[in-house]
Amino acid sequence: MKLCFSLIFFSKIFVAANGPQGILYPQQSESRELFSLDGVWTFAISPKFDQDIGFKNQWYRKELKKVSKYVIPMPVPSSYNDITQNATIRDYVGWVWYERTFFVPARWRGEQRVFLRFGSANYETVVWINGVKVTNHSGGYLPFVAEVTKQLSYGSENKVTVALNNTLTPLTIPQGRIVFPNNTDRYPPGYFIQEYNFDFTNYAGIHRPVYLYTTPRSYIDDVTVTTETSEDNYFGTIRYSILCQGCSKDAMLYTDLLDEDGANVASNFGPKNKISFKRPKLWWPNLMHERPGYLYTLKIHLKDGDVEDFYRLKIGVRSLSWNSSGIFINHQKVYFQGFGKHEDFLIKGRGVDYSLIVKDFNLINWLGANSFRTSHYPYAEEIMDFADKNGIMVIDEIPGVGLDHFGADLLKNHLEAMKELIHRDKNRPSVVMWSIGNEPQSQKPEAAPYYSQVVNFTKLLDPTRPVTLVLSRGYFEDKAAPFLDVICFNRYYSWYSDTGHLELIQQQLLNEARNWHNKFRKPVMMTEYGAGSIAGFHSDPPVVWTEDYQTALMKEYFKGFDILRKEGFFIGEMIWNFADFGTPQGSTRVFGNHKGIFARDRSPKPAAHLLKQRYESIVTALK
């Protein structure tokens with residue numbers, strides 16, 4: 001039975017101001033074509049002591065092989081760091097150049113608009129088509145798009161050139177700094193070092209897919225969707241707002257809600273409206289329902305005279321709410337059981353790898369997990385798609401890791417990163433919380449007005465989700481916690497503090513979690529705990545760095561978590577980390593960070609089997 005309640009209708013199409021506003025993922029449809037530019041590109045680095053040579057000599061107007069002596073092939077998407085046998089490229093800081101050629105069909109000329117979209121590139125990016133600059137973007141991890149209709153040659157070969165710079169400064173998100181040692185006995189003139197305050201490799205490159213795609217001259221530019229359910233979950237409501245680009249005042253929009261079998265459930269029309277229907281199939285987190293992650297398709301049809309455009313958006317129908325003691329999905333309290341992760345793998349670094357995505361979600365489901373945090377940056381849209389489909393709750397985090405020296409310029413970049421993240425992920429049912437950063441120097445007085453503004457800005461853009469900041473300072477000194485909806489804290493009892501003293505974990509965990517809640521009256525969860533272990537290292541009694549110590553430590557945390565869960569305010573546990581990952585070279589890191597429950601190649605440690613038992617026992621206890 002088709003049900004439709006048309007309570008809100010605006011007769012005029014919402015038209016995007018000042019050009020394209022949306023960042024919808026490219027797709028083929030009745031009205032759109034899609035062409036991947038992934039593959040092997042041409043790559044070159046700039047001379048270390050002449051970083052601007054490519055701009056001065058206009059490399060974008062020429063072939064790289066004719067202007068640089070050191071041109072090599074480079075896969076896209078991928079980090080460039082681990083592709084070669086060259087340590088200079090692995091550790092390179094500064095401007096690098098990418099280039100490739102491609103043909104554009106002659107049929108695209110005329111009635112079509114053509115766009116070039118990058119899923120992400122770290123960190124500062126400038127893009128040219130056939131020698132003409134079409135866009136630039138600051139900040140890694142998030143997509144950017146440019147219309148290139150007028151720059152292309154149709155029915156012939158074209159060239160795209162990308163200049164990319166991975167340098168981090170005190171004003172970038174995340175922060176870093178360039179240090180010029182002044183000891184000429186130890187360092188040559190002009191020598192510099194990139195320093196940054198985070199414990200993962202600062203991978204660089206074109207990390208996510210690159211697409212060329214078409215739209216009609218009038219097209220669907222952006223879609224915003226929110227959902228809710230009645231208290232008994234008998235009614236579901238989808239509210240939507242659609243932004244159109246290039247549309248006339250007479251353009252019309254039609255929407256159909258399709259179930260997973262393609263059957264029409266409900267329909268409506270107009271750019272801003274809602275669809276309400278009975279007995280919705282709800283989006284549930286993994287293990288809270290026999291069918292988690294159910295997704296409908298919102299089919300959008302634009303008709304503007306003789307021009308038509310179609311776009312299909314996957315959506316999950318669910319309610320989300322929170323109070324001082326919990327987060328609720330479909331009016332049921334949720335308990336987070338998951339981990340922090342990284343986009344990290346051998347050779348490709350942070351580059352999108354579909355085989356790895358599928359493998360990781362198979363492991364997530366095998367473990368019985370229901371959540372992860374995108375530590376410490378937004379993950380690829382391809383990963384987020386799998387979270388939506390599998391019912392995996394996501395704490396969606398921007399790369400504001402270890403921030404310090406809070407000021408107006410940093411704040412501006414921080415807010416822009418939040419804006420871009422929310423714009424990208426606002427429609428995802430899996431995203432149940434925004435994280436505005438990780439382990440800042442939030443004990444400083446200036447952190448209070450800084451994070452107050454970030455939280456308020458985030459809530460202005462999206463009031464439908466709680467906002468958190470992952471904290472590492474003590475509850476007695478933290479200045480950001482009062483502004484948050486959920487207290488997330490990281491702590492490594494018996495690892496970084498009181499190393500080896502497993503007997504102290506329960507007392508320290510219980511006291512600190514209770515103190516956070518008693519002071520701020522917010523839900524509390526632990527977003528990092530754990531210990532490093534080298535696969536194959538064993539000792540009885542256990543000692544640090546052995547697999548035995550890692551599992552013994554976990555068992556002590558589990559005892560504390562069980563007590564806290566029964567007290568009502570403690571809402572989750574996320575171990576650090578899902579898998580071992582790469583880090584900068586250092587005397588405290590032996591070929592990376594080894595806190596993973598899986599090795600970097602995804603082979604399970606004993607900790608993985610223990611965590612599987614743990615998560616299965618939680619599900620049993622909560623039934």
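Student: Which residues of α8 are buried in this predicted model?
Tutor: The structure is a predicted model, and what covers the buried residues of α8 includes the strands β30 (467–471), β31 (486–490), β32 (524–528) and β33 (570–575), together with the helix α9 (547–566). The buried residues of α8 themselves are Ile-505, Leu-509, Leu-510, Glu-512, Ala-513, Trp-516, His-517 and Phe-520.

Student: How many Å apart are the end C-alpha atoms of helix α8, and what span should its 16 residues give?
Tutor: Helix α8 covers residues 505–520, and at 1.5 Å a residue these 16 residues should span 22 Å. The helix is followed by Arg-521, whose phi is positive, near 55 degrees.

Student: Which residues touch the most other members of the largest nonpolar core?
Tutor: The largest nonpolar core holds 89 residues, and the two that touch the most other members are Phe-372 and Leu-611. The largest share of this core, 8 residues, comes from α9. Apart from it lies another core, of 33 residues, among them Val-76, Tyr-92, Phe-102 and Ala-204. For the largest core, then, the names asked for are Phe-372 and Leu-611.

Student: Which cysteines form the disulfide, and how far apart are their sulfur atoms?
Tutor: A search of the whole structure finds 1 disulfide. Cys-244 is buried because its relative accessible area is 1%, and Cys-247 is likewise buried because its relative accessible area is 12%, both values being judged against a limit of under 20%. The disulfide joins Cys-244 and Cys-247, with their sulfur atoms at a separation of 1.3 Å.

Student: What does the side chain of Thr-149 reach at 2.8 Å?
Tutor: Thr-149 lies in the loop between β10 (144–147) and β11 (157–165), and, leaving aside its neighbours within four places in sequence, it is in contact with Gln-112, Arg-113, Val-114 and Tyr-154. Its side chain also makes a polar contact, at 2.9 Å, with the side chain of Glu-147. What the side chain of Thr-149 reaches at 2.8 Å is the backbone nitrogen of Val-114.

Methods. Residues are numbered from 1 along each chain as its sequence is written. This is a predicted model: local features need pLDDT of at least 70, side-chain atom pairs count only at pLDDT 80 or more; totals for chains, interfaces and linings use all residues. Side-chain values use heavy atoms; hydrogens and water are left out. Helices (H or I, at least four residues) and strands (E, at least two) are DSSP runs, numbered from the N terminus. The expected span of a helix is 1.5 Å times one less than its number of residues. Buried means under 20% relative accessible area, exposed over 50%, partly exposed in between (1.4 Å probe, protein chains only). Contact means heavy atoms within 4.5 Å. A nonpolar core is a set of buried Ala, Val, Leu, Ile, Met, Phe, Trp, Tyr and Cys residues joined through side-chain atoms within 4.5 Å. A disulfide is a pair of cysteine sulfur atoms within 2.5 Å. A polar contact is a pair of N or O atoms within 3.5 Å; within protein, one must be able to donate a hydrogen and the other to accept it, and residues adjacent in sequence count only if both atoms are side-chain atoms.
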